[in-house]
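Me: Could you walk me through reading a few features of this model? I'd like the general idea before each case.

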Amino acid sequence: MKPVTAAIWVAAMLVGVQQSASSINIIVDRSSRNLSSVPTDLPQTVEFLDLSRNHIRQLNKGDFKDITLLRFLNMSWNSLEEINPETFLDTPLLEELDLSHNKLKNLSSQLYLLHTGNLRGLNLARNKFLTMTLGSEFSSLVKLERLALGAENISVGDLKNIAKVKLDTLSLFLEDELVYEEGSLKDGYAQKLQIAFIDNQINHYLVADALSLFDEVELMNLTGGYKDLATQLSERKKIHTSHLYLTNIVINWLDLTHYVNVVMSTTITHLTASDVAMKNLPREDSNVTETSKMKSFTARRAVVMSFFFSQKAVYNFFINMPVESLAIVETAIIHMTCPNTQSPILQLNFSYCAMSDTIFSSAKSPETLECKNLGNLRKLILVANNLKSLQLLSKRVQYMSSLQHLDLSLNSLVYDGLSECVWPSNITNMTLSSNGLTDSVFKCLPKGTENLDLQNNQVSVVPSSIFKLDKLLSLNLNANRLRDLPVCNGFPILSLLLLKSNSLHAPTVSKLESCPKLKVLDVSYNPFTCTCALRYFRSLGITSEKKKSNTGVELLNWPHDYYCSYPEAVRDATLKYVLIPEVTCNVGLLAATILCPAVLVIIVVMTLCNRWDVPWYMRMIWRWTRHRARRQARPEDLVGVEFHAFVSYSQRDADWVQNSLLPNLQGPAGGLRICHHEKNFVPGKTIIENIISCVEKSRRSVFVLSAHFVKSEWCHYELYFASHQHLARGSDSIVLVLLEPLPQYLIPSKYYQLKSMMERYTYLEWPQDRAKHRLFWANLRAALQADLPNAPVEELEE
């Protein structure tokens, strides 16, 4: 599918998807169905119809009479020879029409266009047109924005019937033997002219007219002829074109550098090369013109077709170009050198490449030399690369004294909080979204930052002891791990705070008192706990809606995007409409309501217990339970037991199990024999059989609890079988390890056994403080320790 057609149908799909929620059968695809005519069973609601790649030879009146809502029609790659003048009489809403790759023969007699006055895109390329003489019906297309044509002969006056049509894009798909009369394009007004070549048959009169008449010119599908084009450019005294595009081309390195140097010597201000295949790349530096009228150069999706060349020579050519803006995007370059002299570049964009932390630097033993020749750079965009160290990036840009905007989103950046960051002082806009940054990032930020984007990271708290960001105006912490509102001690003039999609259960409204300049706050899509602790935040939302908030804060997206996640009775209810009774939150009133009946009940219970000697029975039961808990395992209880424990965990927590749990329980560190599925499940058996076997051969079962655990179906089975084994042995055979906080309301109802266990038994919590890890492992090993029979032979051999 050609670029024009592809763009049309992508737009159609997007519009269709947006409306699919309220309509059905909007998009109908009948392409490649071996059809010889327009189907008669099309739904009346269709708006986007694809009949491409069939064998339809003609369109008749009434073919589309039942689909009056039609807006996009693709009839490309058929065998169309004739279209009835009244074909589109019943489709007044038609906006996009693709008739390319057919057998239409006369551009001056396309009378069906008289009924398509709403058209915005028309593609007639790759037909059998001998001349490009457009009929008078084209003058009726007053809304047309995109027109694609092709013919063997183009003469003066051919385009006069679209002289008053203000096109955005005029596309010419050239035929094998093009005959072009100089000046033929003067009647075709368009912002951009696209020329698709075949076999490098470049018509210099056509190119000359393009450069003298159109603001933007795009040359497509070239594989040669660049020297002639460069010569033509250099010899022209006046060039009207300001934007020149080269698309889907194959080019030698010498031709590329020569052509770029020539363009920089003309009045063309913007050069863009997309989908470029480069051959014969250099082994030494290429010359770059020192002065240029060109303001920007962009390379997109460039690939190399050479195996042996100097990457440094390639990088040096581009970074030393005398332009204001340089962009190399969606290209697998891993490094960029530093300019040889102080560069005039104001903006650099290396998005969606493969840049590493060594960018701009050079290794000179025994140290790394940082770049000092980008002192004029104001904006640096490094989105979606392989950057990993925020501290090293600060060193890479430390001498860019004019840098104001820095975008490092969609990388793998982290900061250890130990090494000092050395950012240049003028950075005001910092984008660090979608990285792996934690709370320590606030120690590694430019002091003059005004707008900071940290969304989609791992920030759990904003440290109150950080150095001040006195100029910070907006802070984006969406999609992090915050559990409460941050204090603004470090941001005295903060006015915009975004905290969407975090882990805030009951935001502490009083913390907003530390944010005197805050005007806009977004806390939507958080798991709110609709209990007493949320009363003040709910009041803030209601007063914000009425514009009467004492803090003067506007709560974005209130009330529609604020829902309760707990208790179950009000889950998914909107905060604004959830009633939190005063009696449940007022301690005095609650005490008066509960205490009096409670005292009466206690008196009655104590009287009954004393009469029936209940205390004596309770003491006996307690002693028996203590005896059972302390009783050592008898040898007969250990018959068939091969392992100290079977470990059940979610595959999402496998890293912690493999790197922390097993090394501290097995081997020299723990001396225990542990059974887990990655090592001890027997191939050939079903998963259920393996689970039962491992539980029966293990003295205890250890369950690593997390949010991932309760979402795993297999973990549910393992817990089920272990609980039955627990009842059968009559011993305390289950050990719970809490890897992260797991509130009861997050546990699905099918895990009722887990809820019961967590209420009745003490569980071990994994401490975040490293100093407590040793005690944690000691307690866990003590809970699992037992004298087991000798290990199986195969395990001893391992």
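**Patch, helix and rings**

Reply: Val599 is partly exposed, with a relative accessible area of 42%; buried means under 20%, exposed over 50%, and partly exposed is in between (1.4 Å probe, protein chains only). This is a predicted model, where local features need pLDDT of at least 70, side-chain atom pairs count only at pLDDT 80 or more, and totals for chains, interfaces and linings use all residues. Residues are numbered from 1 along each chain as its sequence is written, and side-chain values use heavy atoms, with hydrogens and water left out.

Me: How many residues of helix α5 are buried?

Reply: Seven of nine, in the helix spanning residues 311-319; helices are DSSP runs of H or I, at least four residues, and strands are E runs of at least two, numbered from the N terminus. Among the buried ones are Tyr315 and Phe317.

Me: How is a pair of aromatic rings described?

Reply: By the distance of the centres and the angle of the planes. Rings of Phe, Tyr and Trp (its six-membered ring) pair if their centres lie within 6.5 Å; planes under 30 degrees apart are stacked, over 60 edge-to-face, the rest tilted. That rule gives 18 aromatic pairs here. Trp253 and Phe317 make an edge-to-face one, at 5.5 Å centre to centre and 75 degrees between the planes. This pair links helix α4 and helix α5, with its residues 64 apart.

Me: Is Trp253 buried or exposed?

Reply: Buried, because its relative accessibility is 1%. Ring pairs also link Trp253, Phe297, Phe317 and Phe318 into a cluster.
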